[in-house]
Amino acid sequence: MRLVFAGTPAAAVPSLRRLAASRHELVGVVTRPDAPLGRKRVLTPSPVAAAATELDVPTIKAARLDAEATASIAALEPDLGVIVAYGGLVREPLLSAPRLGWINLHFSLLPAWRGAAPVQHSIIAGDDEHGAAVFQLVPELDAGAVFAALRRPADRLATAGETLDRLAVEGAELLAGVVDALADGTAVARPQSGEPSFAPKLSLDDGRLDWTQPAARVLDRYRGVTPEPGAWAMLDGVRVKVLEARLAEPSGAPEAGAALVPGELAPERRRLLVGTADAAIELVRVQPAGRGAMSAADWGRGLPAGARFEA
């Protein structure tokens, strides 16, 4: 089959590479335009654009799938459109332009977590499992019938970035299998069942840690917003990024963390603890505003007695 692929971030690259190596013809890649990155705001191609260049596949860079982009895609005469985290909506007439329409690899167990940030919301919610699904694209958000899905137990130590990296690789194989089945005429899609939940894009405010919650919930949010938009807390009006954190283990000595009130910081000899509603969390790496990433224990040695994150 003739395939056109739409995607933008690194999570879409395994699918792009897998389809490029398949028995099908990848006739074009659609991705979002180059974006300014870094302190110098250098225009940089998306990870998908960079991979497409390496694979020598024609690329269409479009901020939205408007009439111009639709005409360019339709001119490729694709049999099937494949989309993985492109970052924009596919509407008619583009939705019906490929002979078999479009399929989407989505990183959740649909109908759970429809939207832009499914892995992040699933981790923040404390779900027991994560997954991915390949479904037929329809006008309603992430609502099409599902061809195939994979389920994995939640890794309680993995961040959203780490979980997404794993699902991106496994999902690429799932996607390739559906593409083959569609080409062979053996694919079967089943309507989604159950009450949907939604996963809108996260904002910086979603990364603020609430120390009045139980430690497990605080760590779920930390992992769910890492690496983006990032976990943080406020100390004396200054934002402190929490780059790495974990549940504090007993030290064998009288536990400073046992009596900590929520948000209270307790420097120990080789670690820095912070109180929550029920247990202490160890901060491993932090980044105070205006400074580089550093050991939380080193940062904690400079804190005044009784320092406490703001509520």
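## Two cis prolines

Pro227 is located in the loop that runs between α6 and β10 (231-235). In this predicted model, the peptide bond between Thr226 and Pro227 is cis, with omega at about 10 degrees.

A cis peptide bond also joins Glu92 and Pro93, where omega is about 10 degrees. Pro93 belongs to the loop between β6 (80-84) and β7.

## The chain as a whole

The protein chain contains seven helices and 15 strands. Its C-alpha trace extends over about 70 × 45 × 30 Å along the principal axes.

Of the 311 residues in the protein chain, 48% are buried. Among contacts with a separation of 6 or more, 65% are between residues 24 or more positions apart.

## The largest pocket

The volume of the largest pocket is about 1500 Å³. Its lining comprises 50 residues, and those closest to the centre are Pro9, Ala85, Tyr86, Gly87 and Ala116. By type, the lining of this pocket consists of 30 nonpolar, twelve polar and eight charged residues.

Which elements each supply at least two residues of this lining? They are β3 (35-37), β7 (102-106), α4 (118-124) and α5 (160-184). The greatest contribution to the lining of the largest pocket comes from α5, with four residues.

## The second largest pocket

The second largest pocket holds about 320 Å³ of space. It is lined by 13 residues, and nearest its centre lie Arg156, Leu157, Leu219, Ala245 and Arg246. Two or more lining residues come from each of α6 (215-224) and β11 (238-247).

Helix α6 gives the most to the lining of the second largest pocket, namely six residues. The lining of this pocket divides into seven nonpolar residues, one polar residue and five charged residues.

Helix α2 spans residues 47-55, and its buried residues include Val48, Ala49, Ala51 and Ala52. Why do the buried residues of α2 line one face of the helix? Viewed down the axis of α2, they fall within an arc of 165 degrees, and therefore they line one face. As a general point, an α-helix has 3.6 residues a turn, so residues three or four places apart point the same way.

The buried residues of α2 are covered by elements including β1 (2-7), α1 (13-20), β2 (25-31) and β5 (59-61). On the other side of α2, Thr53 and Glu54 are exposed.

## Positive phi angles

Asp56 follows α2 and lies in the loop between α2 and β5. Its phi is near 60 degrees, a positive value in a residue other than glycine. The relative accessible area of Asp56 is 70%, so Asp56 is exposed.

Glu77, in the loop between α3 (67-74) and β6, is a residue other than glycine with a positive phi, near 50 degrees. Is Glu77 buried or exposed? Its relative accessibility is 60%, and Glu77 therefore counts as exposed.

## Three further loop residues

His24 occupies the loop between α1 and β2. It counts as buried because its relative accessibility is 7%, and the cut-off for burial is under 20%. The side chain of His24 makes a polar contact with the side chain of Asp180, at 2.7 Å. Apart from residues up to four places away in sequence, His24 touches Met1, Leu3, Leu19, Val179, Asp180 and Ala183.

Ala154 lies in the loop between β9 (146-153) and α5, and its relative accessibility of 19% means that Ala154 counts as buried. Ala154 and Ile123 are 31 residues apart in sequence, with 8.1 Å between their C-alpha atoms. Setting aside neighbours within four places in sequence, Ala154 is in contact with Asp127, Asp128, Glu129 and His130. Ala289, in the loop between β14 (280-288) and β15 (294-295), is partly exposed, with a relative accessible area of 47%. Ala289 and Leu235 are 54 residues apart along the chain, and 10 Å separates their C-alpha atoms. Not counting residues up to four places away in sequence, Ala289 touches Val238 and Arg239.

Note on methods: Residues numbered from 1 in each chain as written. Predicted model: local features only at pLDDT ≥ 70, side-chain atom pairs only at ≥ 80, totals over all residues. Heavy atoms only, no water. 1 Å grid on protein atoms, 1.4 Å probe; cavity = no way out; pocket = protein on both sides within 12 Å on 5 of 7 lines; lining within 4 Å. Points joined across faces, edges and corners; volume = space filled by probe spheres on them. Nonpolar A, V, L, I, M, F, W, Y, C, P; charged D, E, K, R; others polar. Buried < 20%, exposed > 50% of the residue type's maximum accessible area, 1.4 Å probe, protein only. Arc of directions from axis to C-beta. Contact = heavy atoms within 4.5 Å. Polar contact = N/O pair within 3.5 Å; in protein donor to acceptor, adjacent residues only side chain to side chain.
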